[in-house]
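Hi everyone, thanks for coming. I'd like to walk you through a structure this morning, so please have a look at the screen.

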Amino acid sequence: KYCDGLGACIGECPTGALTIVEREAEEFNVEAVGKHLAGRKATITGGTSTDASSLSHWPVQIRLVPPNAPFLKGADLLIVADCVPIAFPSFHSEFLEGKAVMMGCPKFDDVESYIDKFQQIFESADVKRITVAVMEVPCCSGLPMIVKKAMAASEKAIPMEKVVISTKGKILERTAELPVV
């Protein structure tokens, strides 16, 4: 309970759990570091190359993204339930690339604040398209409804696709919709 991970107590740990050990070490070598990191990547990925993150901005939580965030202007917007990136193995390559992303949980977060936030975004950001990715579980079904309510409140009809992911990580449904305002 006394450790925050900062490391400020190294050398002065009140419980004696941390110690500093002095030893001889080789000189720092940039090439050796590069080889070491390449070797680690091969070990971690089983020797296969992995795709880089497709995330283009921060923050991503719906509650934290300001409605006037520059990355929302003219965006292809991905609104995703928190569990989707965990369940769907190809999340970055299938959904995230080239999109501004906002994620949250309609079960645990405040629905009205989501509606207000999306309304402000739709009124000011000229969003081009929306993809709403949710899990097949009942609590996720509220996210597409939240987006539709915000569109209606903003008097915007933005092309929207709803994607439903199974708990086993498969796409169960893809539905294209143009909400009527």
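**The sheet, its helices and the core**

Let's start with helix 5, which lies across strand 1, strand 3, strand 4 and strand 5 and runs at about 155° to strand 3. Before I go on, please keep in mind that this is a predicted model.

Now, what order do the strands take in the sheet? The sheet is open, has five strands in the order 2-1-3-4-5, and its pairing is mixed. Strand 2 and strand 5, residues 171-177, are the edge strands, each pairing on one side only. On average, neighbouring strands here are turned by 15° against each other, ignoring direction.

If you look at strand 1 and strand 2, you'll see that they run parallel and are joined by five bridges. Within that pairing, Ala81 stands opposite Gly104 in strand 2. Helix 4 also packs on the sheet, where it touches strand 1, strand 2 and strand 3. The direction of helix 4 makes about 165° with that of strand 2.

In soluble globular proteins, nonpolar side chains tend to be buried together. Here the largest nonpolar core has 44 residues, and Phe118, Phe122 and Ile130 touch the most other members. Several elements supply at least two residues each, among them helix 4 (111-124), strand 3 (129-135) and helix 5 (142-154).

What does Ile130 contact, once we leave aside its neighbours within four places in sequence? The list is Leu77, Ile79, Phe122, Val147, Met151, Ile158, Pro159, Met160 and Glu161.

Let me finish with the aromatics. The structure holds four aromatic pairs. In one of them, the rings of Tyr114 and Phe118 have centres 6.3 Å apart and planes at 70°, so this pair is edge-to-face. Both residues sit in helix 4, four residues apart, or about one turn of the helix. Tyr114 and Phe118 are both buried.

Phe118 also pairs with Phe122: the ring centres are 6.0 Å apart and the planes at 15°, so this pair is stacked. Because Phe118 and Phe122 are four residues apart in helix 4, about one helical turn separates them. Why do we call these two buried? Phe118 has 0% relative accessibility and Phe122 has 1%, and the cut-off for buried is under 20%.

Elsewhere, ring pairs link Phe88, Phe91 and Phe95 into a cluster.

Notes
Residues numbered from 1 in each chain as written. Predicted model: local features only at pLDDT ≥ 70, side-chain atom pairs only at ≥ 80, totals over all residues. Heavy atoms only, no water. Core = buried A, V, L, I, M, F, W, Y, C linked by side-chain atoms within 4.5 Å. Buried < 20%, exposed > 50% of the residue type's maximum accessible area, 1.4 Å probe, protein only. Contact = heavy atoms within 4.5 Å. Pairing = 2+ DSSP bridges. Axes fitted to C-alpha atoms, helices over the stretch in contact; angles between N-to-C directions. Phe/Tyr/Trp six-rings, centres within 6.5 Å; stacked < 30°, edge-to-face > 60°.
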